[in-house]
Amino acid sequence: FHGVELADVQFGDTVLDIGIGPVGLMSVAGTNLRGASRIIAVGTRPVCVEAAKKYGATDFISYKNGSISKQVLEMTDGKGVDKGIIEGGGVESFSEAVDTIDIPRVEWGVGMGHKQINGGLMPGGRLRMEKLGALVAAGKLDVSPLSTHVFDGWDHLEEALFLMRDKPADLIKPVVKIAD
């Protein structure tokens with residue numbers, strides 16, 4: 001959600017979400033809540049692609065099929081995207097994202113056209129968590145597609161941690177339910 005805020009996604013924007021693991025899936029959901037008209041998601045794991053569809057992704061790209069920027073430019077008839085949000089990958093993901101946004105030198109005002117590249121970690125705190133929780137409570141955000149492996153009781157904690165370490169293809173997030 002913080003990436004969506006930093007990108008300042010607006011109604012009707014075309015947005016590129018690079019990486020559709022758990023963080024990226026919430027970015028797709030936030031992008032959709034903010035009113036993007038087209039959400040291009042980059043990822044390959046079928047379980048994540050299916051979840052991204054539920055959260056509102058309209059198009060999909062596999063980084064395994066070549067340059068992300070070339071695929072984006074092809075599917076947008078050379079227009080690129082309005083906003084790009086990176087939730088996965090390395091340095092190459094950043095350069096691919098920049099290449100999908102048309103930043104012509106003259107129109108950009110030779111650096112004075114108010115184009116921005118923002119980054120940061122999501123803020124925490126009680127108020128932030130309450131606001132995100134309110135989206136879930138109001139039915140605006142269904143987090144159940146993230147919970148691909150659900151366990152009952154503390155005795156499954158180690159199993160859940162090993163799943164997070166090993167990252168099997170069918171995993172998004174493990175959840176361990178603890179009874180009162």
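Predicted model: local features only at pLDDT ≥ 70, side-chain atom pairs only at ≥ 80, totals over all residues.
Helices here are DSSP runs of H or I with at least four residues, and strands are runs of E with at least two, numbered from the N terminus.

Let's begin with a loop. K167 sits between helix α7, residues 157-166, and strand β6. Its phi is positive, about 50°, and K167 is not a glycine. Is K167 buried or exposed? It is exposed, because its relative accessibility is 59% and the cut-off for exposed is over 50%.

There is another residue of this kind. D8 also is not a glycine, and its phi is positive, about 55°. Look for D8 in the loop between α1, residues 2-7, and β1. D8 has a relative accessible area of 40%, so it counts as partly exposed.

Now move on to strand β1. It covers residues 14-18, and T14 belongs to it. T14 is buried, at 14% relative accessibility. What does T14 touch, once neighbours within four places in sequence are set aside? The contacts are S37, R38, I40, G80, V81, D82 and K83.

Take K83 and its salt bridge. The partner is D13, and the closest N and O atoms are 3.1 Å apart. K83 lies in strand β4, residues 83-86, while D13 lies in the loop between α1 and β1, so this pair ties together parts that are 70 residues apart in sequence. Both ends are buried. K83 comes in at 18% relative accessibility. D13 comes in at 10%.

Next, R38. Its side chain meets that of D59 in a salt bridge, at 2.8 Å from N to O. This pair links distant parts of the chain, with D59 in strand β3 and R38 in strand β2, 21 residues apart. D59 is buried, at 18% relative accessibility. R38 is partly exposed, at 24%.

K177 is partly exposed, with a relative accessible area of 45%. D152 is exposed, with 54%.

On to helix α4, residues 68-75. Which of its residues are buried? They are I68, S69, Q71 and V72. Seen down the axis of α4, the buried residues fall within an arc of 160°, so they line one face of the helix. They pack against β1, β2 (38-42), β3 (59-61) and α5 (91-99). So where do K70 and E74 sit? These exposed residues are on the face of α4 turned away from its buried side. After α4 comes D77, and its phi is positive, near 55°.

Let's turn to helix α2. It runs over residues 22-33, and N32 is part of it. N32 is partly exposed, with a relative accessible area of 37%. Leaving out neighbours within four places in sequence, N32 is in contact with I39, Y55 and G56. How far is N32 from V15? In sequence, 17 residues; in space, 9.5 Å from C-alpha to C-alpha.

Last stop: the surface. W154, L157, L161, M164 and I178 make a nonpolar patch of about 490 Å². One of these, I178, is in the segment after β6, which covers residues 173-177. At 38% relative accessibility, I178 counts as partly exposed.

A quick recap, to follow on the structure. Start at T14 in β1. Then turn to α4, whose buried residues pack against β1, β2, β3 and α5. Finish on the nonpolar patch with W154 and I178 among its members.

Notes. Residues numbered from 1 in each chain as written. Heavy atoms only, no water. Buried < 20%, exposed > 50% of the residue type's maximum accessible area, 1.4 Å probe, protein only. Contact = heavy atoms within 4.5 Å. Patch = residues over 30% accessible without salt bridge, like charges linked within 9 Å, V, L, I, M, F, W, Y side chains within 5 Å. Areas by Shrake-Rupley, 256 points an atom, 1.4 Å probe, with all protein chains shown as cover. Salt bridge = Lys/Arg side-chain N within 4 Å of Asp/Glu carboxyl O. Arc of directions from axis to C-beta.
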